[in-house]
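This briefing covers salt bridges and a few individual residues. Please look at the sequence and the model before reading on.

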Amino acid sequence: MWGERTEVAKAKGRAPQNAGGKYLLSGGMLVCGCCGGHFEAYTTSWKPEPVYVCATRRRKPGVCTNKAAIPIFDADNIMLDMVEDEVLSPAYVDTLLAMMARGTDPAETPRLERERERLETEVQRLVGSIAHGVDPREVADQIAVRRACIEAATKRLASVQEPPDVDRLRDALLQRCAEWREVLRGEVHVARILLRKLVGPIFLEDPLSPEQALAVGVVSACDSGSEEDLIRWDAPIKPGILEGLATVQDVASPTGFEPVFQP
C-alpha cells in the first residue's frame, strides 16, 4: 500500500525528491497521509521548540485535517534509533544476504541456453521458408516474436550470477553499517542524504487519541496517562547499504516500520 501511495505522491510532485531542508526529516521526507503534502518545520513564539507540521494544513486552512505537530528533536532521534536498530543491524544484513541468495540461480543457465538455441533454429527455418517461396509477410510476425524471446533469454543469461562470497560481503556490509551509524549522528545535511538511501518517504497519519490507540492495540499509548495524541507512521525500508557492493535485482523490503511517535 505504501509503495502505491509513494508513486501517487511522486506523480503529484509531493514525494521526497531531494535532501533539502534544515532538519533531518525536512525537505520532503515526511509525507502527510491525509493530503499527500509535505510536513515542514514550524516554530511559534508561544512554543519555541520547533515541530513538524503538515504544510498544506498550515498554509491552506480547511484543505487537510492532519493536526499532527511532532517535536523535531524527538522525531529525529526516534528515527535515528529505529534506523540503527532495524536497517543498520546484523539481522537486516543477514536478511538481505538471504534474499540475494534466493535471487541467483546459476542452474537456470542450461535451460535458458537450450531455449535460446531452439528459438534461433526456428528463426532460421522461418527465414529459409522465404527462400523457398513463402510470402515474407506471412512469417514476419513469427520471426519478430521469436527474436524478441531470444533477446529476453539473452538478457536473463547475462543477469544470472554465481553466488556471492557471502562471508566477505557480510563483513563489508557490517563495516558499512558501523560507518553509517556515525554519519547519521553527525552533520545533519550529510545524515539527511544518507537517511534517504535507507528509508522513506515517511507517511504520517492523523493523530490517534489515547482511546483510539488502545482500540487498535497500541498499549504504550496510555502508559503515561497522557492526553496527548499519538501519531501513526510507516516508511518503506530501502536496501541502500548494498550500493556499490553488489548488483541486486528485485530486492524488496522484507520489513517495515510500525512505530508510534509520542510528542
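A residue is called buried when its relative accessible area is under 20%, exposed when it is over 50%, and partly exposed in between. The model shown is predicted. It holds 10 salt bridges, some of which are described below.

**Glu40 and Arg58**
- Glu40 and Arg58 form a salt bridge, with 2.8 Å between the closest N and O atoms.
- This pair links distant parts of the chain, as Glu40 is in strand 2 (residues 39–44) and Arg58 is in helix 2 (residues 55–59), 18 residues apart.
- Arg58 has a relative accessibility of 35%, so it counts as partly exposed.
- Glu40 is buried, with a relative accessible area of 15%.

**Salt bridges of Arg185**
- Asp81 and Arg185 meet through their side chains in a salt bridge of 2.5 Å, N to O.
- Asp81 belongs to helix 3 (residues 72–87), while Arg185 sits in the loop between helix 7 (166–184) and helix 8 (188–198), 104 residues apart.
- Asp81 is partly exposed at 37% relative accessibility, and Arg185 is partly exposed at 39%.
- Glu84 also forms a salt bridge with Arg185, at 3.0 Å, N to O.
- Because Glu84 lies in helix 3 and Arg185 in that loop, the pair ties together parts that are 101 residues apart in sequence.
- Glu84 counts as buried, at 17% relative accessibility.

- Gln124 is in helix 5 (residues 108–131) and is exposed, with a relative accessible area of 58%.
- Ser129 is also found in helix 5, but counts as buried at 18% relative accessibility.
- Leaving aside residues up to four places away in sequence, Ser129 touches Val134 and Val139.

Conventions
Residues are numbered from 1 along each chain as its sequence is written. This is a predicted model: local features need pLDDT of at least 70, side-chain atom pairs count only at pLDDT 80 or more; totals for chains, interfaces and linings use all residues. Side-chain values use heavy atoms; hydrogens and water are left out. Helices (H or I, at least four residues) and strands (E, at least two) are DSSP runs, numbered from the N terminus. Buried means under 20% relative accessible area, exposed over 50%, partly exposed in between (1.4 Å probe, protein chains only). Contact means heavy atoms within 4.5 Å. A salt bridge is a side-chain nitrogen of Lys or Arg within 4 Å of a carboxyl oxygen of Asp or Glu.
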